[in-house]
Structure formats: C-alpha cells, structure tokens
Amino acid sequence: MIDTENLTRKFGSLTAVENLSLHVEEGEVFGFLGPNGAGKTTTVRMLCCLISKTSGQARIGNFSVDNEQDCLEIRKIIGLLPENVGLYENLSAYRNLDFYGKLYEVPEQKRQENIERLLRLLGIWERREDMVGTFSKGTKQKIAIARALIHEPQVLFLDEPTANLDPEAAKTVRDFILDLKKEKRTIFLNTHNLDEAERLCDRIGILKGKLVAVDSPKNLERSLYNRKTIVHLDGIGDAVLVAVKGLGMVKSVRVSDNKLILDIDNPERDNPEVVRAIVGAGGNIQYVTELRSTLEDVYLKLIREASGQ
Amino acid sequence: MRLWKSWIVTQKDLSVIRKNKYVFYSLMALPAILGVVLPVTFVLALNTEYTSLSPDQFTIAATQLINISATYLILISAVLPSIIASYSFVGEKVEKSLEPLLATPTTDGELLLGKSLAAFIPCLGVTYLAAAISASILDVWSYVRIGTLLVPNLFWIIGVAVITPLACIMSVEANVIVSSRVNDIRAAQQLGGLVVLPIIALLILVTVGAQLSTLLSVLVTVVLVVADVTLFYLSKETFQREEILTKWK
C-alpha cells in the first residue's frame, strides 16, 4: 500500500530523510520510531504530498507522489492526523468535521452518518455543538482523529497521536487505534512511545535520517541478544546440571543462586523437553521465565549506533 | 479549478470571522466612522456655511464633498482586507490548521480563491452598506437644500462600482503575499495596511481638485487593474503548500 525507494529529502545542506526504502502492506499497522528531527514528520509529509521529495520514489496504492493529479487522488485515500491537531477553535466539533467532510467530497447523507458514528464512538456526540476551544486536549485529539477518518480513508497517517495526552486520554486514543486495526486499515504511526509502538504495530521502522531497522517488535527485541530461558528450582543438584548439559539444544548453561540460565535457540519448541529432563533428574521446578531485551534496549542501541556514539 | 470547493473554504472562513468578535467589531468600526459619522459631520459643519450659496454654487461645493466621501469608501475597501485576510491566512498558521487543510484533495488555487473570497465578500459588503448610508445622508441634504439628488454622480459611480472592488481585490492579494512572509497577525495587519498608501494619495488629490476627479478615476481604474493582475500572479506564486509548510513559521 505504501512503497518508497531511496526516498530522500534535503533542506539546504541538511538531509532530513536519506534513501528511505520501505514497503507497508495493506491492513498493516506500521510504526515509525525515531528521536526528534529523525525525519518522521518529513517522511509523512512527503507521503501525503504536502512537500516534495528531493530524489527517490514513493507511491501510495497506485498513485505516485511525483504527479500533481496523482497527489489529488492520494489525498482522497489518506487521512492525516498531524502533530498539532489544528482544529478551528471558534467552530463546533460538528462544524469542524462537516467542513472536512465536504472538502473530502463525502456525500451529505454519508457525511452526517460518519460524523455521528465517529463522535458517538469517541464519546463526544452529546457535545457536538460545543466550540472546539472549550474541549480538553485529549478531546481535541479525538476530534482530530475523527477528522482524519471522516472520508473512510484506506491509509491513515498518525503523527504522535498520544503526545501530550494524559494517561487516560492516551489509552482512549490507543484503544481507538486498535479498533481501526481490526477494520484492516493501513496505519502509518509516527511515535516516540516505544510501549505504544510495541502494543499497536505489526512492524516497526527505526529512523534516524536513514532507516536503521525494520521488523516486527518481537524480532527486533530478539535481535539484540538471544533470549534466555530461566528455570527457578528449589535447589540445583549435580544430576540436574548433567541432565541439562547433556541436551543438544542447550547451547550454554549458567547457574545463579537457584536459577539455571539457559541459552536455547528455539525456546517455544525446546523448553518442554528441558523441563522434562530437569524433572527426570530429580529437580523441583518452581517456575520458568524468559529473559529478553526490550524494544527500548534495541531502540537505544540502534539510535546510538546510527548517531555514531 | 472547482469553484464549489473554493466556496466551501469561503463559507468556513466566513463562519470563523462571524464568531471572532474582534474581527467583527473591527470590520464594522471603520465603515461606521468613514461612511456614516464623517458625512453627518460634513453636513452638520457645512450646512450653515453653505446657506448663502446659490444652487449652482452649492452643487459645486457639495460635489466635492461627495467625491471625497466616495474616496473614503475606496479607502475603507482597501483597509478592511488587512483585518480579515491577515486572520484568514496567518490565522490558519497560528491555529496550526494549515497542515490538515492542505492534506485535503483541494488544489492550491482552490484554497487561495476560497480564502480570498472570504476576505473580499464581507469587506465589499460592509463598504457597500456604508456607501448606501453615506449616499442617503448626502442625498437628503442636497434634496432639502436644492431639491436635487446629487448622489450618485459619475465619479461616485466609478469610485464605488469599479474602483472600490478593484482596490479591495488589490488589498486582499497584497495581504496574501504579506501573510506568507510574516509570523503573526499584527505584523500581517500592519504590513498589509501599507497597501492603503496609494489610496490616501488619491484622497489628497481629490480633496485639492475636484475637477480632476473623473479623469483621475479612469487613471486609477487602469492602475488598479494592472496592480490586481500583477498581484494575482505574485500571490499565486507565493501560495504554494510546500512554501507554506516549510517556511511559514
């Protein structure tokens, strides 16, 4: 649904985005992680035909961002939630959405239905005639999301959708994004929030001017160092150690207090056999846990490497 | 260019203007002063002085007043867009509402036209309202004094029907250009207001020599048409979404 090849944007001598190549599938939630100034917003603006590229290619569906006529078509099939909500404070919530519905060429009947559905879904229907200026930050963010969805776009670009929101409002927005995910919309999510990215995204791209890594959150977490299986016992006898070391799938064994720390390539497949071997050797297992790197560990490592630290 | 799209933008901007009390009162104040208070003051101040004049002398003296009042109407139409247009464009930037607006399937030209119309329509409407009231006051005065309606005369017709909208368009376009180069509403209003300087020069010329008025009005019309066409192309060049997003700070 979204394809870029060597997409580059320079502002004078500054290269904001360099040779970005990525592919986002239809119905996928793709997270774009990166520090401030990494080029996330510039990328979204290029994909939304708001600013031009310096070089490379980018397509949304069958339309190229190069062509002005295609850009009009792209704008019809995308919805954008920018970093700043940018609502008209002196107009009501309903009037704000109605204005954008008209610009997106949504027929009147459908427009009214969509406004009502979205505002009810976000719990703002009863306050639809209130001026936007009277709403809280979180509610404004919800209205801005409704605005991005008023024309039922195929692709949704969300730029920091929960930034500056209190935890409750952020949760409402995240839950709403999860609902959208169920509707199989393609979502391109710019965020600083690693937890949010991990919970919402099918795949994550880490950007620091250049694309540093792209993979699913799980695979990224595994990429830093192998997962370890930790077996907690009430005591570790020699028989248990011999049994575990004799297993071919266990690459290394370390003992710490009453814990066995095992390096296993495929824990999902091999852990049951390891447990059977320990129990067979007379070990009393209290519980089995996993030690893995977090997305934060991976993110910080990759960003530091990209910054040359 | 889809005019209906521009009209959607115009309607929205007009709603915003209606709800902004500062803009609304500013919009009403100038026409009320120059279009109503000023003619009333003229009439009250000069009525006694003109009592001794013959009907012909009165017509000549009153015509000069009528021409000056027409020039004030032109001045109103050139000043008002600096209030609205600066809100219309810089206001969007201040409210940070430009990015979602520019992400809609609307062309630069459609947005530009829509926003320009939103500045043009109320300014011209208010100016014409002031013109109607001003003309009524002057006509009542002349009818009472010499039994003739002196408004509209040729200069008044050209001034109000031709020069006023042209001056208004010039001011809107100048404000579009100014808005693209400044950061806040007050700066946009101050710089946009500079467009009235040539109109003030016209006002001075009319005040010192009423007999030149018709010739002068034709000359001013030609100059304004040229200025409008030039500024239109300049404003179109300025109003480009990439420029707006990356350089409007």
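Predicted model: local features only at pLDDT ≥ 70, side-chain atom pairs only at ≥ 80, totals over all residues.

The dialogue below takes up the features in turn.

Me: How many helices and strands does chain B have?

Reply: Helices (H or I, at least four residues) and strands (E, at least two) are DSSP runs, numbered from the N terminus. Chain B has 10 helices and 0 strands. A residue is buried if 20 or more other C-beta atoms lie within 10 Å of its own, exposed if 12 or fewer, and partly exposed in between, with C-beta atoms placed from the backbone. Of the 249 residues of chain B, 49% are buried.

Me: How are two packed helices described?

Reply: One gives the angle between their axes and the distance between the axes. Axes are lines fitted to C-alpha atoms, for helices over the stretch in contact, and angles run from 0 to 180 degrees between N-to-C directions. In chain B, helix 2 (residues 21-46) and helix 5 (residues 108-146) pack at about 10 degrees, with axes 9 Å apart.

Me: Which kinds of residue make up the contact of helix 2 of chain B with helix 5 of chain B?

Reply: They divide into 17 nonpolar, 3 polar and no charged. Ala, Val, Leu, Ile, Met, Phe, Trp, Tyr, Cys and Pro count as nonpolar, Asp, Glu, Lys and Arg as charged, and the others, Gly among them, as polar. Two residues are in contact if their C-beta atoms, placed from the backbone, lie within 7 Å. Among those that meet are L27(B) and V36(B) of helix 2 and W141(B) of helix 5.

Me: Which residues touch the most other members of the largest nonpolar core?

Reply: In soluble globular proteins, nonpolar side chains tend to be buried together. A nonpolar core is a set of buried Ala, Val, Leu, Ile, Met, Phe, Trp, Tyr and Cys residues joined through C-beta atoms within 7 Å. Here the largest has 144 residues, and F157(A), F188(A), A78(B) and I84(B) touch the most other members. Helix 3 (residues 55-94) of chain B gives the most to this core, with 19 residues.

Me: What does each chain give to the contact between them?

Reply: Chain A gives 25 residues and chain B gives 21 residues. On the side of chain A that touches chain B, helix 3 of chain A gives the most, with 5 residues. That side divides into 13 nonpolar, 4 polar and 8 charged residues.

Me: How do side chains point along a regular strand?

Reply: They alternate between the two faces of the sheet.

Me: Which strands pair with strand 13 of chain A?

Reply: Two strands pair if DSSP finds at least two bridges between them. Strand 11 (residues 228-233) of chain A runs antiparallel to strand 13, joined by 5 bridges, and H232(A) has K259(A) as its bridge partner. Strand 12 (residues 250-256) of chain A pairs with strand 13 in the antiparallel sense over 6 bridges, with V255(A) opposite L260(A).

Note on methods: Residues numbered from 1 in each chain as written. Chains lettered and ligands numbered in written order.
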